[in-house]
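Here are some notes to read alongside the model. Have a look at it first, then go through the points below.

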Amino acid sequence: MSTQPLTAMDVARARYKEAKDVTEAWDQVEFRRVRALAAETDPRRRTILTRELAEARVQLEAAQRREYAAYLQIEGLRV
């Protein structure tokens, strides 16, 4: 059984899949925070949830940028 070395495309695809998974996870976190905030009536808890939502959105945006960068890397290798 021989194994072939990974190509640059294999590595790029793996990075893209990982980045996509992270983006999806942060998207779910953000969705849960929005729902929790909408249902909360306690002002102190709403403040906490608002901060958590802001952090989730920052993380989601960063994950989306990493996913797009990984996508561009794949596209660059196709040329």
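**Helices and tyrosines**

1. Let's start with helix α1 (residues 8-39): its 32 residues at 1.5 Å each should span 46 Å, and its end C-alpha atoms are 47 Å apart, which agrees. The expected span is 1.5 Å times one less than the number of residues. Helices here are DSSP runs (H or I, at least four residues), numbered from the N terminus.

2. A word on the source: this is a predicted model, where local features need pLDDT of at least 70, side-chain atom pairs count only at pLDDT 80 or more, and totals for chains, interfaces and linings use all residues. Residues are numbered from 1 along each chain as its sequence is written, and side-chain values use heavy atoms, with hydrogens and water left out.

3. Which residues of α1 are buried? They are Met9, Ala12, Ala19, Thr23, Val29, Glu30 and Leu37, and they pack against α2. Buried means under 20% relative accessible area, exposed over 50%, and partly exposed in between (1.4 Å probe, protein chains only); contact means heavy atoms within 4.5 Å.

4. Now the rings: there are two aromatic pairs. Tyr16 and Tyr71 have ring centres 6.4 Å apart and planes at 55 degrees, so this pair is tilted. Tyr16 sits in α1 and Tyr71 in α2, so the pair ties together parts 55 residues apart in sequence. Rings of Phe, Tyr and Trp (its six-membered ring) pair with centres within 6.5 Å; planes under 30 degrees apart are stacked, over 60 edge-to-face, the rest tilted.

5. Tyr68 and Tyr71 make a stacked pair, 6.2 Å centre to centre with 25 degrees between the planes. Both lie in α2, three residues apart, about one turn of the helix.

Definitions and conventions. Helices (H or I, at least four residues) and strands (E, at least two) are DSSP runs, numbered from the N terminus.
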